[in-house]
Amino acid sequence: MLLAGITGAGACAMCGALAGMSLLRPQNPEIRIITDTAPPASTPDTIARIPEPPIIPRSQWGARPPNHTAENENGFYSVDNPFGWFTYGDDVQRMYQTLIIHHSVIYDNDDVTTLKDAQDLHMDERLWADIGYHYLIGKNGGIYEGRDVRVRGVHVAGYNTGSMGVCLLGNFNVDQVSELQWQSLGWLCAWLVENFSFVRLAAHQDFNPQTECPGTNLLASMEQLANALGLARGIDAYSPHTPTPIAMTCPCCGCIA
Ligand SMILES: [Zn+2]
């Protein structure tokens, strides 16, 4: 099955060739997955694939390099240092089974300022090696590279190993998700689903009920987003990997979550 489109969607603002693939506001009652009804491809090489969305690299938004002496993510993973910088290596594709949606809470006038504020918060106040999320999506629909996707994130206390973090810039207890953010979220998630082993979509709050992340206005659409992606909503795909979970400060709002 190909996530070919969602009804009612117009041409994607980011790529005209992907008309019909963009994601309308999920509260649109017309939203549904269109199953590809084209004849089966004759060889695997001819099966249509979702193209990689344009992703703004760290170098373009001015990301700071990781700090491998950060107090709360100190050094590299080992049996003796289970909370160090953990690289998935050849296991990266199969390790990611849960896609987790966040909001940044911090919001300023432009996406890059907000992005840099989030990285500063995570590195200077949370004392982690780098920004905790793997991808971030701005109000203008830009998709930004966060932490190296080959490295375990820090975005959901106790459940980070094998969980990929996608954060929408904004405070969705107050803001509405912009049309461009929805489009980019749909495209990014569809591409990720095709390239990793995801079986569940979860909101941060699903794992850690103490947090309000990703905000009421985004939470309201999580079920429909999961359906559109062909994923189940929930946390039960998570299987504890090493290391043992511990509580930490929430990357999104600062609560202990
Ligand atoms: Zn969050």
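Student: In what order do the seven strands of the open sheet stand?
Tutor: Let's start with the ground rules: this is a predicted model, where local features need pLDDT of at least 70, side-chain atom pairs count only at pLDDT 80 or more, and totals for chains, interfaces and linings use all residues. Residues are numbered from 1 along each chain as its sequence is written, and side-chain values use heavy atoms, with hydrogens and water left out. Strands here are DSSP runs of E with at least two residues, helices are runs of H or I with at least four, both numbered from the N terminus, and two strands pair if DSSP finds at least two bridges between them. The pairing in this open sheet is mixed, and the order is β1-β4-β3-β5-β2-β6-β7.

Student: Which strands stand at the edges of the sheet?
Tutor: Look for strands with a single partner strand, since one side of each is left without a neighbour in the sheet. Those are β1 (55-56) and β7 (232-233).

Student: What is the bridge partner of Leu 136 in β4?
Tutor: Strands of a sheet pair through backbone hydrogen bonds, either parallel or antiparallel. Here β3 (residues 135-137) and β4 (residues 143-145) run antiparallel, joined by three bridges. Within β4, Leu 136 has as its partner Tyr 144.

Student: At about what angle to β3 does helix α4 run?
Tutor: Helix α4 (residues 179-195) lies across β1, β2 (98-103), β3, β4 and β5 (163-168). Axes are lines fitted to C-alpha atoms, for helices over the stretch in contact (heavy atoms within 4.5 Å). Angles run from 0 to 180 degrees between N-to-C directions, and this one is about 155 degrees.

Student: Is Cys 189 buried or exposed?
Tutor: Buried means under 20% relative accessible area, exposed over 50%, and partly exposed in between (1.4 Å probe, protein chains only). Cys 189 has 0% relative accessibility, so it counts as buried.

Student: How many disulfides does the structure hold?
Tutor: You'd need a pair of cysteine sulfur atoms within 2.5 Å. The number of disulfides in this structure is zero.

Student: How wide an arc do the buried residues of α7 cover around the axis?
Tutor: In α7 (residues 222-229), the buried ones are Met 222, Leu 225, Ala 226, Ala 228 and Leu 229. They sit on the same side of α7, because their arc around the axis (taken from the directions from the helix axis to the C-beta atoms) is only 165 degrees.

Student: Which elements do those buried residues of α7 pack against?
Tutor: Both helices and strands are on the list. The partners are β2, α4, β6 (200-203), α6 (216-219) and β7.
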